[in-house]
Each structure stands twice: as C-alpha cells, then as structure tokens.
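This report describes selected chain contacts and packing arrangements. The sequence and structure are shown first.

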Amino acid sequence: MDQKTKAYAGTFLIAAVLAVAPFAVGGAFGNTWVRVLDYAALYIILALGLNIVVGFAGLLDLGYIAFYAVGAYLYALLASPHFGLHWPAWAILPLGACVAGLFGVLLGAPTLRLRGDYLAIVTLGFGEIIRIFMNNLNAPINITNGPKGIARIDAISIAGQPLSKAIEIAGLKIPGVYLYYYLFVVLALGIVFVSIRLQDSRIGRAWVAIREDEIAAKACGIDTRNVKLLAFAMGASFGGVAGGLFAGFQEFVSPESFGLMESVMVLCMVVLGGMGHIPGVILGGLLLTVLPEAFRHGAGPAQQALFGKVLLDPESLRMLLFGIALIAVMLYRPAGLWPDARHRREMAEKKS
Amino acid sequence: MNVPAKALSLSVLAALAVMACGKEAPPPPAPAASAPPAAQPPLVVKIGHSAPLTGPQAHIGKDNENGARLALEDANAAKIKIDGRDVTFELVPEDDQADPKQGNLVAQKFVDAKVNAVVGHLNSGTTIPASKLYADAGIPQVSPSATNPQYTNQGFKTAFRVMANDEQQGKVLGEYAVNNLKAKTVAVIDDKTAYGEGVAHEFLKSAVAAGAKVVAEEHTDDKAVDFKAILTKIKGKKPDLIFYGGMDPQAAPMAKQMKQLGIKAKYLLADGGCTAEFIKNAGDAAEGHYCSLPGIPYEKMPGGPKFIERYKAKFNADIQLYGPYAYDAAMVVIEAVKRAQSADPAKILAELPKTDFQGVTTRILFDEKGDLKDGAITLYVAKGGKWEPLDTIGGATAPAAEAKPAEAMGGMTGMQGMAGMAGINGMTGMTGIAAEATKLAPEKK
Amino acid sequence: MDILLQQIFNGLTLGSIYALVALGYTMVYGIMGLINFAHGEVVMVGALVALSVMKPLAAAGLPGPLVVLVALLVAALVCMALGFTIERVAYRPLRNAPRLAPLITAIGVSIVLQQLAMLIWGRSYHAVPPLLPAESHEVLGAQITELQLIIMLVAALTMAGLILLVNRTKLGRAMRATAENPAIAGLMGVDANRIIALTFIIGSALAALAGVLVSANYGIAHYHMGFILGLKAFTAAVLGGIGNLAGAMVGGVLLGLIEALGAGYIGDLTGGILGSHYQDVFAFFVLIVVLIFRPSGLMGEKVSERA
C-alpha cells in the first residue's frame, strides 16, 4: 500500500469507528455512555480551543470557560421563551463563535504585556467576572435570569427535526443522544481540521515561535500583538461554539456550569493529553470525561470484588481516584500522555 | 388564645380553598385484579435518588439519601405485595455534585437503568434540567427539596415535590416578619443561588406588601464566610429584622458576626438555615433568632420522634436538613406503587396526583402542578440551644374534605390538633391566619 | 464615620488572613517559581487537625489558650509532614518538566487532599470551640474583637520573621541562592533539594497557623474551606507581586480592604446599579488594572523578559 491508500484506509477506519460508536457503546453499556460520549465531544471542542491559546501560543489561560459561558448564554437568550426569541441553531452558533471571539480579544488586549502566572490570575479573574455577571444580571433589568438559569431552551434542530427527539430510519429507532453525538462529532472533526490547518499555517508557526521565545519571534518580524490576539480570538470562538451546543443539548443553562473548576478541567485535558499536540488533546478530553464516569460505575463493584464489601462510598472514591490519576499521569509522562515529537525531543535532551 | 375561633378561621380558609379550586377528584382507577400467580421471585422496584454527595453540599446530600434509604427499608419491612407477588424496593443512589451537567448524566443513567421512579434531585439547579429527561421518559420524579417554582411550572406531568416552594414559604415569612415579629424596617440578604435569591425575593415582596420598609438589600455567595462588610453596611441602616435567604454554613457565621458587630436586629432564616447545624455552629449567637421549615414540626408528627430515633440509630448521624422530606418523597412513591398495584412508571404516575399521605413532615397532597397543596409552614425560635416550634401557618386539608368524607374527619382532627398546638405555644395572631385565608383564596386557580 | 472605620477594621482582618495564606504561596513561588495550588488545602488540613486536637483537650478542661497552642503545634507538625510529602511526591520529580506539569499535579494533590479530608472528617461543617478571646470591644464607635487584633498581629509578625529569615540568616541566603539558580547554588555547596524541602515545610507550618486562626475567627471548619481561601490568597499574592514577602502582606491587606469597602460602598458609588454581589468583580477589576500598569504586581521585581 502506498501512502495515499494508507491515509484513505485510515480515514475510512476512523469514520467507521466513529459512526458505529454510539450503537456499540449504547448497546453494550446503555445510553448513559452515549451521553458521556456527547459530553466528551463537547469537551474535545473546548480543549482544542484552549489548546490554541495554551498549547500553540503558550499563554496560560485559567478563565477559558468564560467563552463557553458566552456561547451558551447567547444560545439560551436567542432560542428560549426567556425573551420569546427562537432563532435557529445554524444562525446562533456562528454568531456565538463571533461574539465569543470578540470577548477573547477583549480579554487579550489589556493582558498582552502579562506573562506566565500573572496572565493566569488575570484570566482567572476574567472568567469569574463573566460568571458573576451571568449570576447577577437579573436585576435591575432581567437579562440572564440570574442564578435560576434559563430553562426550556430550544433543542438544536436540523431540517425541522429537533435532535432531542428520537427518529426512526428504516425501522431503526435512533434516540436523541445519538443524534447529538453525530452532530457533535462532525463539528469536532471540523474543528480538528481547522486546528490542523492552523498549526501548519504561518500563523501556527508564529504562535509556536512566541511560545518558544517571544523576543526572538518579535525580532523575526512577527507582529506578536496581533498574533497573540488572534490566538485568544480563535480559542475563544471554539469555546463559543461548544457553549452554544451545550445550551441546545442541555436545554438549560445556569451560571454554576461555568465555574473555575470547569476551566481547570479543560486545562487538565490539554496538559494531560499533550499540550500543542492535537491527537493528544483529543485523547485528554476523551479520558477526563470518561474516567470520572468509569470510576462512578466501577468503584462500587470493584470494591465488592476486592474486599467483599463496599468500604468507601463510591462517590468519595471517584474524585479521589481522579486526583490520583492526575498526579500519576504527570509524574510518569510529564509532557502529557501523547506529546508531539518536538516536545518529546526536548524532554529527552533535558534528561540526558 | 381562643382555640375554637382559630379552628373556625382555619375552616374558613379551607372552605375558600375548596371554592377556589373546584375542579378536582379525577376518576378513581380501576384496580388491577388478576389472580395471584404462585411463588414468583420478588418484583424489584428501583427508585433512583440523586443529590450532591461530594462538594460543599455533600452533608445535605447524604442526609437526603439516608432519608430515602430509610423509607425503602420501611417499605421492604412492610412486605408489600403486588398481585400476591413480593416486592423489593431498591435504592439506586447517585452523586450529581449539584452540577446540572452531572445531574443530566445521572438522569440519563436512571432512564437507562429503567428505574421506576426518582426521588430527587436536591438542588433546583439540577432538578430542573433533569426533569426534562424524566418527563420525556415518563418516569415520575418527586423532589424532596427543590423549591424553585420553575420546576413545576414547566408543565411536566412527571414533576412533583413534597416541600413548599420558594413563593409559598417566602410569602408566609414576609407576613410573619411584619405581623408577628413587628418588624417595620427589614434588611434582606441572599446568597445569589436559585434557592436563596428566590426565597429572599418572595420574602421581600410579601414584607413590603404587609407594610414593611426595606432599608437594605445585600448579597453574598454560597461559599463565603466573611459577611462583616455587608453587615456593617446594614448596621448603619438600623433595621428591625434581617432576613437571610441561604443555607446554614453561611447563616451561622453570619449570626456570629452580627453579634460581634453589636447588631441587635432580629434574624430570620428560611428552611436552609433551619437546622441543628446552625445552632451548633453559631453557638450562643443563635439565641432568639427565627427560622421556618415547611411542614409541621416532625417531633410532633405521629411517628416523628421514632423517625428521628431510627435515623440516628441507623446512620449514626443527626438529621441535617431535608432527610425527613426525602423520606416522605420516597414514601409518596411507595404508596403510589401500592395503590397502583404496579411498578409501571405510567401507572405510578397516574396514582401520584391522588396522593394523600400523612408523612413525617406534613400531610401531603398535590395540586394540579405537582406542588404541595397549601403546605403548612412552621416557624421556630432558637431557645436554649434548640429550635423551639413557635407557630404553624396554613396546612393542607380542605379539598380532601369534599372528595372523601371519611378523610375529612381525620383532616379536621388533625387541624384541631394543630390549632391547639399553636395555641399552647402562644401567639399566631388570629388576624394573621384570617388574612392568610383571604389572601390565599383569590390566588388559587 | 464609625461605619467607615468598622469597614476598615473588617477589611484589615480579612486582609491579614489573606496575607497569612499568601505568604505561603509566595515563599514557594519565590524559590521555585511554582504556584502551589494545594496550599489552600494544607490550610484546611491544619484547621481540621487542630480542631480534632482541641475538642478532647477542651473537654478535659484545660485552659483555652493552652489548648490552642497544643493544637497549633500538632497541626503544624502534621502540615509540615504533609508539605514535605507533597513536595517529594508531586513536585520534585517534575522539576525539569514543562512548566504546566507541576500545576496539574498541584491540582491533583488539591483534589486528593480534599477527598481524604472528606473521608476523615466527614461532610459536615464543624463548629470550632471558642477558645480564643473573641469578645467585642468598642473603638471609636466600631467593634473589634481581640481575635481580630491577634490575627493582624500574627500576620505582621510572621511577615517580619520571614523577611528576617530570608535576608539575615544563612538558610535565607541559601534560599535566595536557590531561587536565583539551583544549579549554581549547588556548585556553591547549597543542597537545593534540602532548601526547597525546607521552604515547603516552613510554608506548611504557616498554613497550619493560618488554618487555626481562620477557623477560630469564623467559628467554622469544613473540608471544602481551603479552596476559596487559597484562591483569594493567591490573588492577593499576585496583586502584591508574587515571590515578594512584603508584597504578599500588602496584597493581602489591600485585597481585604477592597472587598470590605467594595461590598460596603459599591452600591452608593454606582447609584444602586451594582451591589455587594459585585464585590469579587470589583476585586478582580482592581487586580487587572494594577497588573496592566505594573505587570509584576505592586512590589514585584521587574521580571526580565525571559522569565
């Protein structure tokens, strides 16, 4: 087989696996796991967005979830009885990307001079500010409905068919979670494609140059200000899309979904998977969504099998195991589970 | 205090309520009467329970789970039979971390596992989005503690709750603050959560309607421990009463800090602060403050003291907050299973609206939305390191009186008992109750 | 006027608490350039260990201050052991790893400590016995408790002690050398590993002290208390210039004052549009503005472009 056939075969194989995944998973473990896969796809989109900022451009962002929140709230406001607006999803999602991107620039512009941990705390503050506003903007004028959140959001529909409802094709009943799965996976693939193209573009190389050495990058004629702002905007727009999808999928948004821990989780996905390496980030997103659920299901029975009884509440153990997993992975693979070749080289050099 | 007069005023309230909600009494179900098949394996009825078991509210979540667990044990001990077949109730406990996303995952898990009914969730923020999934799957959901009105306003046939919602409670509290605690000026603090803000908002509305002046409206959050800044500001406005809409982890340090700042105002809490934890954590700063809980003091309910005793013995812990409500919620489901003679969610669902159950917290009847009908609300005062019941306002009874005459007697005696109790404990302005009656009536639809 | 004075007292107490925790962050950061995200959880462990010691001792009828002292000692020892272990297990192996790796392990440690504390001390809130004098006194129309004064005093003394330690002692010189360049410090005969471990131990002892004072001040302790406190203290450390001891104090006190005055006056300042629920927004806003004009905090050294 030559390279091209191989590539085609690989693509076909991945497509086939992705296409049958919900049926295999849903059939074997139940629809809960398909829902987990839905969330995994959402988080992969988020993680890929953050990867642009943290992985490519090397800017530590701890408030990334704010853009997710912006996208989610935009969808909620434009497609729910709250304002009586019912825009279609195909109109809101691109708008969400743009608005979130704008917020990205808004955050990026004043923080261009900051670096490292100072940038981290400012982005963290920015994330909290957005969340607090979402929580408080129900008075004096009710915009976000405050802590009560916005309910009865329209489900995402395609060709008049809301994805929340099961459809029947040739006698095969396909539940809503499967339909969302396909939508999210298609969009995630689109974002993977954009990420790959970006990475290989002039801009992508400029980001890496800034990450490695900002002064040298400047000296080489890179307009660091614009390139950095672009990183914030691109990353944010991915977050905005994911947020819109989340709102349509969940049909409910409230500020508590956008806390600091969410930002931290997405950052963990990026770093754990392998910063700046797209397959690694995808792996990170998938693992960190699936693992806590696996612990939820497995902790009780595993104890039963090992000790004959349940010693610790599965729910206490779940987060404990999760924390231990974070530490263990970083100790054994400090550059992430699946780092890119450049990173691996650097690590090898440092060790020698 | 004139007991008969009070009973009279209560029946006025009852009569008004009957008039107001005339359409009632759905047709009785045709009881399934098939021949009992011989010796079958027990029928397993799975009841999902979801609450945060990790995170800052974990203690309250575990309390709910314990309550539901106790109810299921009782049901299993009672050896309920459906068509002659033994029934085993099985609890499926889950952790939703008070996070809407996790809540939906848990809900999906329940739907997949084909649970027959769900008790939960604890927080309004998880209950509301999850209710959509249950409604789509036709699984009955009874929340012990989600008090946001939005939950039952969505028009889902599957959504019920066994606790007065924020509107019902906030309204009673506002009137009580003005009429009984004689507050002319009030300050309102909330924790900016769906629950805290909701109940504070309703309190404020009803206090203003009753003639009080709001001198300060402050906010904190559900993770804060330092309230001195907002309390200092409030101190400058000299209110008669400070209302806090939020949970006890904040309410207790707040009481302490009020004392440290020399604030003499009365302090009124809703159910979130009406816990033994509040008194324990606020120490002597709790003395003389007020709180309310939906329902009738369970110490005074038939089976109440025994419930507390058993809870302690079984879990080696004190009741935190909503445990008894979770017990009632689970019992309501179990009773519905019994009446339906089926574990089929659709049949349970058909029975739930007809619920008339004497729980450990109150007598439970549902209105057409699935809310607790005319839920009683009891006010407590902190005295000698304990919450002492002070007054019980409102209470369900009336519609049952029309529908089932036999029940009415029970209802009346219950009411009289209640009125007598309030009489013993003092106060409750007659006027307060009468006003309650006239105000309640036009609102009922 | 007495209201304003009261708000200043409130802010100073809150600020001193932040400062005490921020000192721990800044010590570690100053030497290793690492945000020890788990520091807030060490504070929590300190508070809960102290509480477990206090309860039986107080029940035995020993005098309050003595009980607190013993509890503090035990808590400090436990936290020092904990700090040492955390450094050894989660940070030391990653000293040459990419910069974000130790940040993730720190988050992992933070989650693990929280869950362990939940298993050990349960999910409930614990009342802290009032062993330290907490009577209110009136000063110019404002109320202040003895405990508040103690907290301010302890925070100031701790900062002064640490500054002396770093600038005047042999250990301090070794710390500064390690901060500058561990490899070269090693050539000069400084055992960098030992110095870093010591820094963690000192930082953790401080965390225990902070934990005891915080839980005594609010009368409440809980396995989740470290997170928000840690976050606020970290903000304070950055505001003052992370890595700078005096900066941590300044940042902490400033943040405390901003929060108190923000909650107290933001409503009046904005004509009632914004209220006390924007307290944190106000604090972060000030932080952002400060960092825009002074990118390395109020008292931070000017970091070279390559930092």
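In what order do the six strands of the open sheet in chain B lie?

## The sheet of chain B

The model is predicted. In chain B, the strands of the open sheet follow the order S2-S3-S1-S4-S5-S6, and their pairing is mixed. Strand S2 (81-82) and strand S6 (159-161) of chain B are the edge strands, each of them pairing on one side only.

Within this sheet, strand S4 (residues 117-120) and strand S5 (residues 141-143) of chain B run parallel and are joined by two bridges. B:Val118 has B:Gln141 in S5(B) as its bridge partner. Helix H12 (residues 323-340) of chain B lies across S4 and S5 of chain B, as well as across strand S1 (43-51) and strand S3 (85-95) of that chain. The helix runs at about 165° to S4(B).

## Helix packing in chain A

Helix H2 (residues 31-56) and helix H10 (residues 260-273) of chain A pack with their axes 9 Å apart, at an angle of about 70°. Because angles of 65 to 115 degrees count as roughly perpendicular, H2(A) is roughly perpendicular to H10(A).

From H2(A), the residues that take part are A:Tyr43, A:Leu46, A:Ala47, A:Leu50, A:Asn51, A:Val54 and A:Gly55. They meet A:Val266, A:Leu267, A:Met269 and A:Val270 in H10(A). By class, this contact of H2(A) with H10(A) comprises nine nonpolar and two polar residues, with no charged residues.

## The contact between chains A and B

Chain B contributes 23 residues to its contact with chain A, and chain A contributes 24 residues. On the side of chain B that touches chain A, the elements giving two or more residues are helix H3 (100-112), helix H4 (124-137) and helix H7 (194-209) of chain B. The largest share, seven residues, comes from H3(B). The side of chain B that touches chain A divides by class into six nonpolar, nine polar and eight charged residues.

## The contact between chains A and C

In the contact of chain C with chain A, 38 residues of chain C meet 34 residues of chain A. Helix H4 (100-121), helix H9 (225-240) and helix H11 (279-293) of chain C each supply at least two residues of the side of chain C that touches chain A. H4(C) gives the most to this side, with 13 residues. By class, the side of chain C that touches chain A holds 29 nonpolar, seven polar and two charged residues.

Conventions
Residues are numbered from 1 along each chain as its sequence is written. Chains are lettered from A and ligands numbered from 1 in the order in which they are written. This is a predicted model: local features need pLDDT of at least 70, side-chain atom pairs count only at pLDDT 80 or more; totals for chains, interfaces and linings use all residues. Two residues are in contact if their C-beta atoms, placed from the backbone, lie within 7 Å. Helices (H or I, at least four residues) and strands (E, at least two) are DSSP runs, numbered from the N terminus. Ala, Val, Leu, Ile, Met, Phe, Trp, Tyr, Cys and Pro count as nonpolar, Asp, Glu, Lys and Arg as charged, and the others, Gly among them, as polar. Two strands pair if DSSP finds at least two bridges between them. Axes are lines fitted to C-alpha atoms, for helices over the stretch in contact, and angles run from 0 to 180 degrees between N-to-C directions. Angles under 35 degrees count as roughly parallel, over 145 as roughly antiparallel, 65 to 115 as roughly perpendicular and the rest as oblique.
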